[in-house]
Amino acid sequence: MKNILRPALVFFFFLTLLTGVVYPLVVTGVAQVLFPVQAAGSLILRDGKPVGSLLIGQDFSDSRHFWGRPSATGPMAYNASASSGSNHGPLSPALVDAVKGRVEALRAADPGNNAPVPVDLVTASASGLDPHISPAAAQFQVARVARLRSLTSDQVQALVDQHTWHPLIGWLAEPTVNVLQLNLALDTLKPSAMQ
């Protein structure tokens, strides 16, 4: 028994050290060297302070900002420690009511906008943390944001165009707009200087 137990314990501790300490340290070190921004959480800094991450949506409810995709995380929106979808099926009355409420909020914020509401503005993603919207969802909000900020629609549309990411190979992904980056750029525009 002793001849079997000792090699098994030595091998167990060796693998624990290798896979539990050495491997994570090597992978973390390589990631820090090759991908420092991503390894640090893809943080966006303003004046040296983090204001958010490129990977996690934020709750923008001010009508002067672009609104992102709704979050289904609990107990608060965009809670990164509780990433999840709503788990409501397409026929769920709770989902139908939530979508109706979101459409009404969008219509109330921009009463003159009769365009069809893009689906990503009224439905949560599977993670509940999606930081991106489609260019159509951004376009839907351009007139409202421009009006409330005393800017022209062309100025706001140019900002949306600047912040629209296009995949290198078009059929691999869809174009997206990072809402946090767009809103941060929008906040730097001064209405008096732009008119």
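I looked up I133 first.

I noted the ground rules. The model is predicted, with local features needing pLDDT of at least 70, side-chain atom pairs counting only at pLDDT 80 or more, and totals for chains, interfaces and linings using all residues. Residues are numbered from 1 along each chain as its sequence is written, and side-chain values use heavy atoms, leaving out hydrogens and water.

Next I checked the core. I133 is, with F66 and V156, among the residues with the most contacts inside the largest nonpolar core, which has 26 residues. Such a core is a set of buried Ala, Val, Leu, Ile, Met, Phe, Trp, Tyr and Cys residues joined through side-chain atoms within 4.5 Å, buried being under 20% relative accessible area with a 1.4 Å probe, protein chains only. Two or more residues each come from α3 (93-109), α4 (135-148), α5 (153-162) and α6 (179-188). Helices are DSSP runs of H or I, at least four residues; strands are runs of E, at least two.

Then I took the helix pair. α4 and α5 pack at about 140 degrees, axes 9 Å apart; axes are lines fitted to C-alpha atoms over the stretch in contact, and angles run from 0 to 180 degrees between N-to-C directions. The contact involves residues including A138 and V142 of α4 and V156 and V160 of α5.

Last, the hairpin. β1 (residues 43-46) and β2 (residues 49-53) run antiparallel, joined by four bridges; pairing needs at least two DSSP bridges. I44 has G52 as its bridge partner in β2. Two residues lie between the strands, and D47 takes a positive phi near 55 degrees.

Technical notes:
Buried means under 20% relative accessible area, exposed over 50%, partly exposed in between (1.4 Å probe, protein chains only). Contact means heavy atoms within 4.5 Å.
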